[in-house]
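Here are a few notes to read alongside the model. Have a look at it first, then come back to the points below.

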Amino acid sequence: LDLALLSLPPKYRMPLVLCHLEGQSRRDAATALGWPEGTVSGRMSRGLKLLGERLQRRGVGLPAAAGLSVAVPAGLSAETVGRAV
């Protein structure tokens, strides 16, 4: 997950990190990024699609990738957020 997420362009990675890993709302992420909320939503959608494709190529099933509902160790999550920011 870490490598696939880090391989995304920042404009797709940042909203995913803020909303899915840090638990921020789309509104809060939009404020933090200085983007309209619709831009955050669109880029999250595209980012999830790209992430799903990359994870699938690594052998991770799409149900886990689509919702990012995988258990991520705290250290890995913190490292991913740190690198993304």
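**Notes on the predicted model**

1. Let's start with Q24, which is partly exposed at a relative accessible area of 26% (buried is under 20%, exposed over 50%, partly exposed in between, with a 1.4 Å probe and protein chains only). Q24 sits in the loop between α2 and α3; helices here are DSSP runs of H or I with at least four residues, numbered from the N terminus.

2. A word on the ground rules. This is a predicted model, so local features need pLDDT of at least 70 and side-chain atom pairs pLDDT 80 or more, while totals for chains, interfaces and linings use all residues. Numbering runs from 1 along each chain as its sequence is written, and side-chain values use heavy atoms, leaving out hydrogens and water.

3. What does Q24 touch? Not counting residues up to four places away in sequence, L18, C19, A29 and A32 (contact means heavy atoms within 4.5 Å).

4. Now the largest nonpolar core, which has 16 residues: buried Ala, Val, Leu, Ile, Met, Phe, Trp, Tyr and Cys joined through side-chain atoms within 4.5 Å. L5, L8, L16, A29, V40, M44 and L51 touch the most other members. Each of α1 (2-6), α2 (10-21), α3 (26-33) and α4 (37-57) supplies at least two of its residues, and α4 gives the most, with six.

5. V40 is worth a click: leaving aside residues up to four places away in sequence, V40 touches P15, R26, A29, A30, L33 and W35.

6. The charged end of R43 sits over the W35 ring, 4.5 Å from its centre (the rule: NZ of Lys or CZ of Arg within 6 Å of the ring centre and within 35 degrees of the ring normal).
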